[in-house]
Amino acid sequence: MFQPSPWRADFPAIAALQRQQQTYLDSAATTQKPQALLDAIAHYYSHGAANVHRAQHLPGAMATQAFEGSREKIAQWLNAPSPSQIIFTHGATSALNLLAYGLENEFRPGDEIAISALEHHANLLPWQQLAQRRGVKLVILPLTAGGMIDLDSAAALIGPRTRLLAVSQLSNVLGTWQPLDSLLAMARAQDALTVVDGAQGVVHGRHDVQQLDCDFYVFSSHKLYGPDGLGALYGSCRGLGRLQHWQFGGEMVHTADYHVASFHPAPLGFEAGTPPIASVIGLSASLDYLGGLDTKAVLAHEAALHRQLLRGLHDREGVRVVGDPQAALASFTVDGVHNADLAHLLTDQGIAVRAGHHCAMPLLKRLGLQGAIRVSLALYNDSDDLQRFFEALDKALEMLR
Ligand code: PLP
């Protein structure tokens, strides 16, 4: 049965891609943008750009108001207690690097950082490098066969030496929601800091950082229908209180002399230099747009498409879905077919999907895979997109087998 997307027309790029015979199924990498975002950025640039916080003049005041308004909106989106707990970064990756440098003094040799076996490189490498710098042990929490962090193993591995736990909310390879409540409770019981990589999770449904009770939550704007070059870091009061300044320059300074300086607290103290102002204003417009949608209807639409995707993959001989995806995406391999060859033939037919290691090389290695094809969905996709994907897949497999 045809499953239309009532929101498709709000995304001009989808129609543009369709005119180029492109079917976009790579939204876990980045999403297309609503018209509301394009309008907000055009308005900002066509009505007078100005730097934020520093200027006395009217354009500066207007830009600062829009910029700080966006911070407030993000705080509301995540149900953070205060906008001052939202730090703008350049993406989830830069937020995680900020944490790995800003928390460096928390660690002594022999301490442990726990992450899971499914983490994106962005939530692995900053901790791996910190561990090397400080003589800290990086503990890898294993997974169940379905692709969830295994809670029994986690209970055995998270202990008094654990100083920090950093885990994804929704896996970008496996499409599995992680059991954050239990995991974070284990870390809290050891008084360890907790970091949630919400880069994929934040896109699907609404999430409440107070309910999660994490110390830090990071996400990228461009995956949440916002502009690129922008991310956000939420910090609890406890977490922010432990964070050391790590990048220095304009905006973040309270007082400066040649040999000494003092710095603002969060958020400005962690936003050195001119921030991506237009992107911040654009994200605000995207959140307004998303906030005006019926979240339940969006989730139901995505779930129906996800079921169609899984059904179609499971129905095809030799196609193996990786893990047991619960939402938003599915990765798969095909017996006897190299994923790069298959990806090539899909690309030739205008199907935009991802192939490779999905920035999670250790996970793919652990699964014994050289790569996988990932199909990922967004609210603007409809069942015709999947139909076109499956037709292209069948044709490609016919050629390859
Ligand atoms: N974490 C996860 C789970 C991701 O999927 C990604 C991007 O794919 C990132 C972190 C990094 O996000 P960005 O490249 O926007 O910094």
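1. The ligand sits in the largest pocket of the structure. The model is a predicted one, and every value below is computed from it.

2. Start with what surrounds the ligand. The shell includes Ala-92, Thr-93, His-120, Ala-122 and Asn-172. Asp-197, Ala-199, Gln-200, Ser-220, His-222 and Lys-223 are also part of it. By class, that makes three nonpolar, six polar and two charged residues.

3. Three of these side chains deserve a look for their polar atoms. Asp-197 places one 2.6 Å from a nitrogen atom of the ligand. Ser-220 has one 2.5 Å from a ligand oxygen. For His-222, the distance to an oxygen atom of the ligand is 2.7 Å.

4. How much of the ligand's accessible area does the protein cover? On its own, the ligand has 390 Å² of accessible area, and the protein covers 85% of that.

5. Now turn to the cavities. Searching the whole structure gives three of 30 Å³ or more. The largest cavity has a volume of about 160 Å³. Its lining consists of 16 residues, and the closest to its centre are Val-203, Gly-205, Leu-290, Thr-295 and Val-298.

6. Which helices each supply at least two residues of this lining? They are H10, spanning 277-291, and H11, spanning 295-315. H11 gives the most, with four residues.

7. Ten of its residues are nonpolar, four are polar and two are charged. For the shell around the ligand, the corresponding counts are three, six and two.

Notes. Residues numbered from 1 in each chain as written. Predicted model: local features only at pLDDT ≥ 70, side-chain atom pairs only at ≥ 80, totals over all residues. Heavy atoms only, no water. Near = heavy atom within 4 Å. Polar contact = N/O pair within 3.5 Å; in protein donor to acceptor, adjacent residues only side chain to side chain. Areas by Shrake-Rupley, 256 points an atom, 1.4 Å probe, with all protein chains shown as cover. 1 Å grid on protein atoms, 1.4 Å probe; cavity = no way out; pocket = protein on both sides within 12 Å on 5 of 7 lines; lining within 4 Å. Sits in = over half its atoms within 2 Å of the grid points. Nonpolar A, V, L, I, M, F, W, Y, C, P; charged D, E, K, R; others polar. Points joined across faces, edges and corners; volume = space filled by probe spheres on them.
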